[in-house]
Structure formats: structure tokens, C-alpha cells
Amino acid sequence: MATNNNGNNHFDQKYVIETQDLDIFYGTFKAVTGVNMKVERNAITAIIGPSGCGKSTLLRAFNRMNELYAGTSIKGRVSFNGVDIYDREVDPVEVRYRIGMVFQKPNPFPKSIYENIAWTARIHGYKGKMDTLVESALKQAALWDEVKDKLHQSGLSLSGGQQQRLCIARAISIKPEVILMDEPASALDPIATLKIEELMQELKKDYTIVIVTHNMQQAARASDYTAMMMLSGNGERSGTVIEFDETNRIFTRPKDKRTEDYVTGRFG
Amino acid sequence: MKEKAVVQGFSNNTVARHRKGVIWQVLFQASTIVGILALIALLLNVINGAFGYVAYEAKVDPDTLAVDGVSLEDQSKEQLLTLIQSTFSSGAYNKLNNEKPFTDRTREEVHQLVIERIVRPQVVEVWDLWTSLTQADQIRTTVAQEYPKAELDFVSWLTTDFVTRPQTSEPLTAGVRTAILGSLWTILFTILLAFPLGVGAAIYLEEYASDNWLNRIIQTNINNLAGVPSIVYGILGLAIFVRTLEPLTSGEVFGMVDPTTANGRTVLSAGLTLGLLVLPIIIINAQEAIRAVPRSLRNASFGVGATKWQTVWSHVLPNAMPGILTGTILAVSRAIGETAPLVVVGASTAISFDPSSPFSKFTTLPIQIYQWTSRPQDEFQSLAAASILVLLVLLLSLNASAVLLRNRFSRRF
């Protein structure tokens with residue numbers, strides 16, 4: 001990672017990712033406006049809100065995945081351990097290495113289970129014992145017992161929930177600091193969802209997790225902090241974080257009326 | 001049609017809608033049938049020409065050429081050479097010797113030369129398959145009356161000999177080996193040029209080129225080039241490969257000039273010209289295949305911190321490869337059948353020696369067919385029909401092997 005070259009050496013160790021007045025654009029359309037939030041280390045931060053309010057867009061801005069979509073740009077600042085990740089000297093590849101991502105639709109590589117993890121490790125120059133690494137990544141993702149006898153079968157032969165845990169194993173095999181999860185359980189049944197949520201509690205000890213979810217129970221159950229996003233009503237139709245607080249406060253004593261309406265199901 | 005019972009509570013408005021569907025279905029079926037009929041007609045026509053009765057007379061009876069009781073079939077190369085020397089004028093002999101020295105020729109080649117130039121069996125009349133089957137007796141009486149010396153045989157013009165013999169001017173001994181090898185050599189250089197360039201350009205255009213006016217112009221031009229008539233590519237090939245790059249395509253810079261050609265009209269030039277011809281087709285097909293690789297796969301790769309090249313090489317290309325190969329198969333099939341550009345580039349119409357290097361002069365199957373069909377005699381039409389069958393088989397077997405290769409690629413998970 002590029003050294004901290006923008007003079008901000010006194011970042012707060014407590015927070016991994018911080019945004020300052022972050023605006024995100026698709027071409028000239030401003031999709032997200034004025035986000036200021038701090039993601040706490042070794043905690044689970046959930047982003048909730050109605051469809052189309054920019055949750056996934058915001059999440060992708062945290063590891064520069066949004067740059068893969070043509071015409072996106074940002075204004076403001078996203079810092080990771082105090083470093084501006086949008087600085088010209090920062091390589092987005094390096095950012096995505098430190099801040100991993102798990103997607104809505106499970107997307108293992110069309111390779112064997114073993115290769116899914118081995119390839120990921122190899123591209124970052126991993127030279128150690130591959131078998132050990134694959135085993136420990138699969139164990140951390142609570143998948144080892146289910147796949148240890150079929151490591152060389154296709155990753156796509158697994159069930160949806162297993163595929164998603166394989167994607168998590170793949171993400172943690174390169175030991176990122178943060179794992180971004182974009183509705184990781186929305187394509188899964190309740191049992192597979194529960195497994196992912198339990199896994200998140202385990203992973204939180206070693207990683208920081210930011211999760212986008214449609215499922216408010218999931219946010220309430222699994223997260224420590226919750227950011228409530230909504231389209232701002234003043235004609236602009238741009239998403240913004242209207243409230244960001246500890247999860248139990250968001251769900252029990254929200255400050256914003258719109259948050260209260262949303263979490264209690266009285267929205268719209 | 002029987003009226004369907006109206007079920008209580010359902011509105012009965014589906015009959016007219018279904019009828020409309022049936023009309024279209026019949027139309028689509030009809031167009032398929034027309035296509036199939038056309039194909040069958042083509043095949044029957046070719047087969048009709050490739051088999052049938054032939055009446056032929058030998059100018060010199062082979063029995064009179066026997067030496068010391070040894071028939072022509074069993075004579076050694078030396079005996080045959082003596083025969084040639086005693087029959088031919090020294091001028092004709094030297095000319096043949098210059099084409100390929102007699103010491104280098106095999107016994108079979110010399111034997112064929114004797115049949116061709118001394119025995120000279122000559123076709124007097126041919127009948128197509130249909131006539132041969134339906135009017136065999138009539139044919140026999142005609143031959144007996146009009147050509148008492150002639151022999152009548154039911155022949156298949158398509159034989160293993162036909163495939164393995166070199167080209168000659170005598171229809172009864174002519175073969176297509178030279179043309180098959182010419183086609184294979186040509187197509188080899190076509191693939192060597194067009195596949196790497198085409199896939200490379202497709203990767204650049206899809207993965208790296210930014211969406212600006214210059215790249216849009218390039219893209220539009222590639223799309224248009226795919227529709228340019230092939231003869232235009234022939235003229236391009238003539239100007240670039242045959243003329244401008246002559247030192248290269250004639251092998252001069254490598255010191256490998258074929259003494260009988262000594263210009264740029266070589267297998268290499270032909271292959272490169274066809275390569276240019278199919279390049280846009282390969283680029284477009286490869287772009288389609290690359291575009292069809294799902295975004296989720298790219299996301300997965302970028303999401304674990306892979307670079308663009310790692311993503312392209314390990315995920316995009318392997319997943320696009322079946323599609324790329326399909327496009328290449330189609331393009332190469334087209335190249336194999338091309339005639340016009342090769343006429344312009346300067347295919348030789350009558351050569352009896354196999355191409356042996358990139359710098360040999362050449363003929364290809366379509367050129368051979370074109371040349372034979374343009375002759376007035378019926379026997380050449382039959383030869384053309386037989387070579388069309390050879391071309392079809394060659395095309396099908398190349399396609400089949402390419403499809404097998406493609407399936408190997410797509411079976412990896």
C-alpha cells in the first residue's frame with residue numbers, strides 16, 4: 001500500500017474506513033450525496049434502506065469496485081487507515097486486496113474448490129504451503145467439513161449457501177482487513193442465511209465487516225452499527241445516510257422519523 | 001377443426017390467437033424445408049456428376065509397350081525412362097527434366113508420366129449417374145456402334161487414387177493431391193495470422209480501449225470490413241504480399257526462393273491474404289464471446305484484488321474460448337472455400353508438384369474446381385463434381401476437429 005502521503009497520520013485507530021462528504025456520481029447523475037460515516041474496526045456495520053437508495057453504490061465506493069462501472073466518479077474522501085484510497089498514487093488493485101468483497105449472487109470461479117482459493121492466493125504471490133492455506137481458509141469459512149472430500153470438484157457444484165461460503169473463504173484467504181458484503185444472503189434460504197450470519201460473528205474477531213442488507217431482521221440480529229439510507233426527498237432523488245448509530249438504538253430509539261417508519265414497517 | 005368445449009367461467013378468446021401462431025409456425029417450417037431441399041438438390045447434383053459410365057480409347061495400346069514380355073505395369077523406373085527417352089523429342093525431355101529432374105522422380109511418378117504422355121487414354125464420352133443407372137443398355141449400344149475401339153467402364157471419379165494423385169491435364173489420371181495440400185498449407189498460414197491477431201485485437205477493443213471517438217471509428221470499420229467483397233481482399237493481397245513484400249513472401253530474404261516461381265505468388269501470400277479476409281470476422285466473433293463473459297465473474301476476480309491482466313488471462317479468456325473457437329471455425333471454413341481472392345493473388349492453375357514450403361507456388365481445391373468447371377468437356381465437369389465432394393469432406397473434417405477442440409475447452413467445469 002502506498003504510504004500515508006497526505007499528511008493525515010493521526011487517524012483514529014478505532015476506525016478502519018472513514019468517509020467525508022462523499023458524493024458518488026454515475027455520469028452526471030448524483031446517486032449518493034454527502035455521506036459521513038466511520039466504520040469501526042472488528043465490528044459489523046450494516047447498511048439498510050429501500051431499493052435504489054444507493055446502498056450497494058456506497059459499499060462499492062469503499063474498495064473502488066465502482067470504478068469498474070463506466071462513468072462513475074466520486075467527490076469527497078474515503079480513507080482506509082487514514083489513507084485516502086482515491087489518492088492518485090493508490091492502486092485500486094491494492095485497495096481491493098486490503099478490502100475484500102462478497103457479492104449478492106454467489107460467484108465462485110468456474111474452477112475447483114481448491115483452485116478458487118489457490119488462484120486467489122497465487123495472484124498475490126503467496127509462496128507458502130497451499131494445502132494448509134486452503135484448509136485454514138475453508139475452516140474459517142465453516143465450509144471445510146462439507147467439502148474436504150471433494151476439493152477438486154467444481155466450485156459451481158456446491159449449493160448456493162456453500163458457494164457463498166466458498167466466496168467468503170476465497171475473500172479471507174488473502175487476509176484482508178475489511179470484508180464488504182453486498183446482500184450476501186439475499187439469494188439463500190433461511191438456514192443458509194443463518195449459517196452466513198453465524199460465520200460473520202466468527203469473522204468479526206479478525207476482520208471488519210460492512211454488510212448491505214434488505215433484511216432488517218438480519219441487520220438487527222447480526223450487526224453492531226447500522227447506517228440507514230434513504231433517497232433525499234428534496235427533488236434531487238439522491239441517496240444519503242439519514243441516520244448512523246449503534247444497531248440497537250436504530251431499531252429501538254431512532255432519532256429520525258423516517259428511520260422509525262422504515263424499521264417498524266410503516267414506510268410508504 | 002373441432003370446436004373446443006368452452007369451460008364454464010373461462011373466456012373463449014384463445015382460438016383466434018392460437019390460429020395466428022399456427023400460421024407463423026407453418027411459415028417458419030416451410031422456410032426450413034426450402035433450405036433443406038436446396039441442400040439436398042446441391043448434394044444430388046454433385047453426386048450425379050461424380051459417378052457414371054465413361055468410354056475411353058488409348059492412343060497407344062499399353063500391350064505394345066511391353067519390353068521382353070514385361071508389361072508396362074511391372075517395368076522398372078530405368079525401363080520406363082528408356083521408353084520416355086526414345087519416344088519424346090529431346091526438347092520435351094529436357095523441359096520435363098527441368099520441371100523436376102528425372103533422377104528425383106519416383107518410379108510411380110515416371111509410370112504416371114508414361115500413361116499420361118505415351119499411352120494417353122482419352123475420354124470420348126461420359127454419362128452422369130442418373131443416365132448411367134436408367135439407360136445402361138442404351139449407353140452400351142451407343143458405344144459399340146460409335147466407338148468400336150473404346151472401353152466402357154462404370155467409374156467413380158472420386159477414388160482414393162483421385163485424392164492421392166497430383167494434378168494432370170488428362171482427366172482419367174488427374175487427381176487433387178496438389179490442391180488438397182495447397183489448401184492445407186494456405187489455411188495453416190491463414191490461422192497463424194488471423195487467430196492471434198484477431199483474438200488480440202478483440203481483447204484490446206473489449207477490455208482496454210476506452211470509449212472515445214477514435215475507438216468507435218475503429219470498431220465501425222472492423223464491422224464494415226467483415227462485409228467487404230473478398231475480391232477486394234485479393235487485390236489488397238496482390239498489392240501488399242505479392243508485390244510490396246515480394247522479397248519476404250517469395251522467400252528471398254531467407255534464401256529459400258523456389259526456382260520455378262521466383263515471385264511472391266506463394267502459399268504464404270495466399271494464406272496471409274485469406275488471413276486478412278477473415279480477420280474482421282474473427283475479431284467480431286471474439287468480441288461477442290468476450291462480452292458474453294458474465295460481469296459477476298469479472299467482479300469476483302477484481303473483488304479479490306486481481307489486476308486487469310490476471311482477470312483477462314485467467315477468467316475472461318478461458319470462459320470466452322469456446323465462443324472464440326466457434327467464430328474461428330466459421331471464419332476458417334469461409335477461407336477454405338474462397339476462390340476469387342486467390343485468383344487475384346495468383347494461384348497457379350496447373351501444377352503437378354506438391355507445395356513443400358511456404359514459398360512454393362500453389363493451387364487450392366476451390367481454384368481447381370473453378371478451373372475444371374470452366375472447361376467445356378464433360379469429363380472435367382465430373383472431375384469438378386468429385387473435387388467438390390473432396391472439398392466438402394475436407395471442410396467437414398476440419399470443422400469436426402475444431403468442434404472437438406472447442407468442446408474440450410468448454411468441459412472444464
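Colleague: At roughly what angle do the axes of helix α2 (residues 77-87) and helix α4 (residues 107-119) of chain B cross?

Modeller: In this predicted model, the two axes come within 9 Å. Axes are lines fitted to C-alpha atoms over the stretch in contact, with angles from 0 to 180 degrees between N-to-C directions; helices are DSSP runs of H or I with at least four residues, and strands are runs of E with at least two, numbered from the N terminus. The crossing angle of α2(B) and α4(B) is roughly 35 degrees.

Colleague: Which residues of α4(B) are buried, and which helix do they pack against?

Modeller: A residue is buried if 20 or more other C-beta atoms, placed from the backbone, lie within 10 Å of its own. In α4(B) this applies to Gln112(B), Leu113(B) and Val114(B). The buried residues pack against chain B's α2.

Colleague: How many residues of chain A are in contact with chain B?

Modeller: Contact means C-beta atoms, placed from the backbone, within 7 Å. On the chain B side there are 16 residues, and on the chain A side 23.

Colleague: Which elements of chain A each supply at least two residues of that side?

Modeller: Residues are numbered from 1 along each chain as its sequence is written, and chains are lettered from A and ligands numbered from 1 in the order written. Local features need pLDDT of at least 70 and side-chain atom pairs pLDDT 80 or more, while totals for chains, interfaces and linings use all residues. The elements are α2 (92-98), β7 (99-102), α3 (113-123) and α6 (160-172) of chain A.

Colleague: Which residue just after α4(B) takes a positive phi?

Modeller: The phi there is about 50 degrees. The residue is Arg120(B).

Terms used: Two residues are in contact if their C-beta atoms, placed from the backbone, lie within 7 Å. A residue is buried if 20 or more other C-beta atoms lie within 10 Å of its own, exposed if 12 or fewer, and partly exposed in between; C-beta atoms are placed from the backbone.
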